[in-house]
Structure formats: C-alpha cells, structure tokens
Amino acid sequence: MANRYEALGAMALSLFEPELRWSATGVILGILLLMLWMRRKWAPSFPFLLYPLTVLGLLAILDLLTGNVTFLWAYLVVLALLHDRLSTDTTIVSAICFFLVYEWVSPGASAGEDSFRLMGEIILFACSAWLGTHLRRVNRRSDDLKEENRKLLRKVEDAHTRLHSHIDELKEISRRDYLTGMYNFGGFQEQVTKSLSRCLAAQQSYHVVCVDLVDFRQVNTKEGIDAGDQLLIGIARELKKNLPSYAQVARYDGDQFAIGLMGDDSTMRLILDTVELVINGFRLERCSVHYCIGAASYPMDAQNGAELIRLAEHRLSIEQTRIRHREEEQRRHLEKLSAVGLLAAGLAHEIRNPLTSIRGFIQISAAESPEVKKWESVILPEIDRINDLLKQFLHLSESRPVRHTLFNLDRLIDDVLQLLNPRAILMGHELVPRPPASPVIVEADTEQLKQVLINLVQNGLESLNTKGMVSVGWKEAGDRVVVRVRDSGSGIPPEHMSRIFDPFFSTKGDGTGMGLSICHRIISEHGGQIHVTSQPGRGTTFNIHMPLRQPAREKKRSPEPEQVPLVHNLNRSEVVERVNMLRNF
C-alpha cells in the first residue's frame, strides 16, 4: 500500500512544477468548496450519485496533489456536508465510495497496525453514514414541522383576514339602511367627511341635497305600509341608477333621502334634475308623490361635513315649514268656501222666493201707480243685483259630480278668446293667445275650466284703464300643464294680495268677491294650484298649475237622505250667526 501511494504521489508530483501544482490545488479546492456551498441548489439537478462522486473525485485529486497531508478529516467533513441533501441509499453508497477511495490513495502501515487502522476507519465512515442518515431524518422532520407551522400561520392569517372582513362587513351593515341598502344617516356622514378630505386636496366643491317626501304618510295610510316601502325602494333604485356611480345616496327618518356629490355648479343642477326626473316618474303611478328640497355646498356654505349636512337639513326644515303653512292656508281657505257654501244653500231658499215675490209686486204696482213707476228703474236693478249675488252663492256651493274628460286645451282656450274678443274690442283692448308648439291634451272638467279662464280673462280686461292687452299662454311642464293669464293693467296693491281669493273680497265697486274664490276651488278640486304675481302699474299674472291627467277616484256613495244636511231649513238666527262668522275670517 505504501509503495502504491508513493508511486502515485511521485507520479503526480512529477507531472507538475511546484508553482503549477499549487495553482491546480487552489483551483480544485475552490471548485470543491463551491460545489459544497451550492450543494442545496445543484445536487437535486444531478443524476443519482453523480454529484457526490464528482465531489469525491475532486477531493481525491486534492489529496494526491497535497502529498503526505493526512486527509481523513477532509473525507469525513465533506461526506458529512453532503449528507443533508442525500437520500438514505445515496448516503450509504457515498460513504462506501468515500471509504474505498480514501483507502486507495491513503499511505499504508505495518500489517498489525493496518488491521486496527482499517477497522477504525470503517467505524468512522459507518458512524458518518449513520449520523448522515439520522441528520436527514431530523432535517426532514424539521422541514415537515416548518411546513406545518407555515400552514398554521396561513390558517391564522386567513382567519384574521376573515375576521377583519366580517368586522368590516358588520360595520358596513351598521352604516346601511335595512330597506333600500343605501347609507343611513351615520354612514352618510362618514362618507361626506371622507369626500370632503378628497375635495380639499383636489380643490373641488361638494354638494349635499336633502329630499323629503312631504305626503308619504298619506301613501302609507291609503295604500298600506308595503306599498310605501315599495315606493321608497323604487325611488332609491332610480336615484342610484340615474346618479353617477361615485355619488353618496342615503335614506333616513323614514321618507327622507340625502345625496352627496363632488363637482361644480352643474353637479348641483344634475342632482336637482335627477330628483325631479325620478319623482315625476313615480307621479305617473301615484299622483300624491310630492317633495321638497334643502341643499348646501362646500366650501361656499360650510367648512366641514357635519356643518354642511346640518345646513342642508335646516334649509329642508324651512321648506317643510313653508309647505305646512301653505297647506294650512289652503285648508282654512277651503273651510271658508265650505262655510260660504253651506250659507249659500240656506240663503238661496230663504231669500230667492221672497225676492221673486217682491219683484213681481213692484212690477204690478208700477203698472198701476205712477208714483211707484218712477222708482221701478231703481228698485228692479237692485233686486236683480241681489239675485245675481245669490246665483254666485249657489254656484259656489254647487256640488254636482265632476266630469273629467280628455280634451284639447288649445281648442278650449281658443273658444274662450273667441267668446270674449268682441267685448275686448268694444273696450278698446286686445286678447293675445300664446300657444305652445304642439297641442296640449288635458284631462279635466271642461265646463269648470272654461269658467275659470273666462273669469280670469274678464278680470284682466276690467283691470285695463287705457288701451292694453291680455295674453293667455299655456304649455306642458313634465306631467303638469301651466296656464298663464297676464294683463298690462294697474296691478294689485300689495296689501290686497293675501286676500284676493277670500270670499266676498273685491276691489271693484260692483263686484261680489266670489269669482276668484270659485276659480280657486275649481283648480284645487283638480289637484292644481293657482297663484298670482303683480306689481302696481305693471300688470298682473295669474299662474295655474294642474296635472295633465287626473288620478283614478273611487266612486263616492250617495249619502242617505237622513244624512244630507238640511241647510235650507236654517232659521234666521243661524243665518245671522254664519254671516258674522264669515265676516270674522
């Protein structure tokens, strides 16, 4: 063995010069160290045993080049380093190969010492193989534990993610309205605050519009709570559909909606037009859907979200109060008309019969007595005037069924103007129609509407002192029609504006004060409104707003005979009491 080793060493040393030999030693050592360093990446890509045998070959060459240096420790260390990447079979085979190569290149010993050395080296390589195998099991168990830990960590992270998602979902639910899925008031406040922070960075305006369905309780009362809920759901759905996707929309307090949107002044107009479009769409199904609006803008009106919403709510409450006052005024006005109607029914039967007798008596007496004849021209006109006043009373209290029909409003107004045009020519005035581009078809009582137009045009002609003009214009406005009667007369004094629709109020010397009251009653019965604008010396304009189509009305049962109030049996004291009541209005 010693001779073989010496022969191999001598041959290796003879092949290289000392400088070249040490250079080759350094290169091989570098390659060996590199393969040991990159074993975890490179070893799996090599075929079976090729990687450890390559390392073993480099180690054997290095052993031969270094001469008499004992290399047992190097074989054992390299074998140990390779064990953590090798399988059990590969480890055992690699240990045998390492042992055989080492024995082949290692220097020999005496015969007695050789057996003990060989036994010790076998034990060392066997222990190294066993430790390598055990180390691999430990590494594999460690890798399995690490993988289990990673799986547990992923499960914990997934659980945390689901928990946070569930918490966010609960928070989102707490910010949502249960019926429509929109934001509730608290959620809307949060969204407005977040949006204002973005507006501040982008130097943009932000608008908040609050909408209240002023007659929603009537929908619940007449049609039921389910119908009211469906109405709210429908309005919410249409608002989300017609507004931009980034708009914040909320429902709160039952029948109120709030809309928040970032943009310039055109954005505010977009919100208002959208609300009008949506509400008008539901008016086609439910004529009682009306609304009022309160709006505020950042930064013009407020500097933070809470103040902005509070200001919009305040303006909405002002509008609600105004509407309630207007409804209260209408209610009081209808009570006045009702009292006048009851009084008129009694007066008609109490006065007209004796008045007819008095007129006949005067005519007979005038034919027989010259003394009475000279007063006939004074007494009879006054009696006729009283009779005309009674007719006005009867017309005010008239409760004949309203006959709604579809008709051409253009033709009706043309008939009214043709009827009154001769009178206007005689008075030296002009009647001017202002028709729309296309005909307007209206559902209403033609006779009653014709009476309203005749009354308003006659009032306009009578208000003209010098040569003037009365114009009548009409047009469609969504689901409603607007009729405007304008004159160029002297106007109405401001102190009389609040009383022109009251019964018995008149600024004309021979007026009864019943004409505008009757007009107001007729338009109100048609679901419309009539209002007036006037400036002294610049004329008066009466504006009529009424629906194009009348809602379906349930047929009212005729009252039983005993339930009909016998107002024609009013005694004198009751008549006096009602007259005094009307004077106090």
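**Strands, helices and cores of a predicted model**

Strand 10 and strand 11 run antiparallel and are joined by 7 bridges; two strands count as paired if DSSP finds at least two bridges between them. The model is a predicted one, in which local features need pLDDT of at least 70 and side-chain atom pairs count only at pLDDT 80 or more, while totals for chains, interfaces and linings use all residues. Residues are numbered from 1 along each chain as its sequence is written, and side-chain values use heavy atoms, with hydrogens and water left out.

The chain contains 17 helices and 11 strands. Of its 585 residues, 39% are buried, where buried means under 20% relative accessible area, exposed means over 50%, and partly exposed lies in between (1.4 Å probe, protein chains only). The accessible surface of the chain is about 34100 Å², and 57% of this belongs to carbon and sulfur atoms; areas come from the Shrake-Rupley method with a 1.4 Å probe, and for residues only the protein chains shown count as cover. Among contacts (heavy atoms within 4.5 Å) in the chain with a separation of 6 or more, 71% are between residues 24 or more positions apart.

Strands of a sheet pair through backbone hydrogen bonds, either parallel or antiparallel. In this model, 5 strands form an open sheet of mixed pairing, in the order 6-8-9-11-10. Strand 6 (430-434) and strand 10 (529-535) each have a single partner strand and stand at the edges, so one side of each has no neighbour in the sheet. From one strand to the next, the twist averages 15°; axes are lines fitted to C-alpha atoms, for helices over the stretch in contact, and angles run from 0 to 180 degrees between N-to-C directions.

Strand 11 (residues 539-547) is joined to strand 9 (residues 480-487) by 8 bridges, and these two strands run antiparallel. Val-483 has Ile-544 of strand 11 as its bridge partner, and Asp-487 stands opposite Thr-540 in strand 11. Ile-544 in strand 11 also stands opposite Ile-530. The hairpin of strand 10 and strand 11 has 3 residues between the strands, and in this hairpin Gly-537 takes a positive phi near 85°. Strand 11 is largely enclosed by the rest of the structure, because 8 of its 9 residues are buried.

Helix 16 (residues 515-525) lies across strand 10 and strand 11, at about 25° to strand 11. Asn-455 lies in helix 15 and counts as buried, because its relative accessibility is 16%. Apart from neighbours within four places in sequence, Asn-455 is in contact with Gly-515, Leu-516 and Cys-519.

The largest nonpolar core has 40 residues, and Leu-409 and Val-442 have the most contacts inside it. Such a core is a set of buried Ala, Val, Leu, Ile, Met, Phe, Trp, Tyr and Cys residues joined through side-chain atoms within 4.5 Å. Elements that give two or more residues to this core include helix 14 (409-427), strand 7 (441-444), helix 15 (446-462) and strand 8 (469-477). Val-442 touches, among others, Leu-409, Val-481 and Met-546, with residues up to four places away in sequence not counted. A second, separate core has 26 residues, including Ala-43, Leu-79, Phe-98 and Ala-129.

Strand 3 (residues 256-262) has 6 of its 7 residues buried and is mostly covered. Strand 3 pairs in the antiparallel sense with strand 1 (residues 206-213) over 7 bridges, and with strand 2 (residues 248-252) over 5 bridges. The bridge partner of Tyr-206 in strand 3 is Met-262, and that of Gln-248 is Gly-260. In the hairpin of strand 2 and strand 3, Asp-253 takes a positive phi near 50°.

Helix 10 (residues 225-242) has 18 residues and reaches 26 Å from its first C-alpha to its last, close to the expected 26 Å; the expected span is 1.5 Å times one less than the number of residues. Buried residues of helix 10 include Ala-227, Leu-231, Ile-235 and Leu-239.

Note on methods
Helices (H or I, at least four residues) and strands (E, at least two) are DSSP runs, numbered from the N terminus.
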